[in-house]
Amino acid sequence: MTDGMSREQKASIAFQNEEANRKASVEKEALANQKKFADDLLQMMSDFDKKWKHVPKEPFSDPNSRNSVLIREKHESILKPLRVRYHAEQQKWFNGSSTRKALQEFNDALKRLRYDRDDFKELDILNNDDHFHYSLNWMADFYVAGRERKHKEWQDDNSVKSYLKAKKDFDELYVYIQKTGNVELLRDALRNPVHALQKIRDAKKIKETTMERGISKEKIISMGKKKIVNNGIIYVYT
């Protein structure tokens, strides 16, 4: 195809092909770097989880599971349709088997939710609306009290206290690296996360101090680009 082209035309095509190859190579390298960064972040999280795997799992970690209003709504959504169905079947003629089945399903649901308690022996949950709503409120508070107690016991465990402090530090480090894309800091974090976190805090302290002394943002950026070396630590502002 190039036989009839001039030397300049051939050189132009060669240059375009070279540029296309270079661009493709750059894009491929960028994608590889992004994947490596994402993989290293996952490795960082995995290392942290392995270190603290001995800590008991947090009970009822979702605050919604300890919310009496939401618990009551959930119980009502289960029990109310069964209760309504029983009353509807009861009104029908010659439908004793369906009524008994509806009653059994309602009682089974009460048992699953632990409403078959001595506290409710004098109540007619099935037929009395006031008793039904009272039992819903009582059980919602009962569920919350038990779950809050277990959650507090978990928080008071010494190993959990240490874990929560470490998790707070880890989250600070992880979020910073993820937000800034600081590859050098990520490598440091994989080797020594405590040291990497200290580098972040030291850098922030220097930035706050320089701002208090009236040093401009441009000056700080300039200092960051040049890399400040202090006691063997390199601070990079990103």
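**Note on the cores and aromatic pairs**

1. Methionine 44, if its neighbours within four places in sequence are left aside, is in contact (heavy atoms within 4.5 Å) with Phe170, Leu173, Tyr174, Ile177, Leu186, Ala189 and Leu190. Please keep in mind that this is a predicted model, in which local features need pLDDT of at least 70 and side-chain atom pairs count only at pLDDT 80 or more, while totals for chains, interfaces and linings use all residues. Residues are numbered from 1 along each chain as its sequence is written, and side-chain values use heavy atoms, with hydrogens and water left out.

2. The largest nonpolar core has 21 residues, of which Leu41, Met44, Leu173 and Ile177 touch the most other members. Such a core is a set of buried Ala, Val, Leu, Ile, Met, Phe, Trp, Tyr and Cys residues joined through side-chain atoms within 4.5 Å, where buried means under 20% relative accessible area, exposed over 50% and partly exposed in between, with a 1.4 Å probe and protein chains only. At least two residues of this core come from each of H1 (7-51), H5 (158-180), H6 (183-191) and H7 (193-212), which are helices (DSSP runs of H or I, at least four residues, numbered from the N terminus). H5 supplies the largest share, 8 residues. Another core, of 19 residues, lies apart from it, with Leu113, Phe120, Met139 and Ala140 among them.

3. Glutamate 89, placed in helix H2 (residues 68-90), is buried, with a relative accessible area of 11%. Not counting residues up to four places away in sequence, glutamate 89 touches Asn95, Ser98, Thr99 and Ala102.

4. The count of aromatic pairs comes to 8, where rings of Phe, Tyr and Trp (its six-membered ring) pair if their centres lie within 6.5 Å, and planes under 30 degrees apart count as stacked, over 60 as edge-to-face and the rest as tilted. Tryptophan 52 and tyrosine 163 have ring centres 6.0 Å apart and planes at 65 degrees, so this pair is edge-to-face. Because tryptophan 52 lies in the loop between H1 and H2 and tyrosine 163 in helix H5, the pair ties together parts that are 111 residues apart in sequence. Both tryptophan 52 and tyrosine 163 are buried.

5. The ring centres of tryptophan 138 and phenylalanine 142 are 5.4 Å apart and their planes are at 15 degrees, so the pair is stacked. Tryptophan 138 counts as partly exposed at 26% relative accessibility, and phenylalanine 142 counts as partly exposed at 29%.
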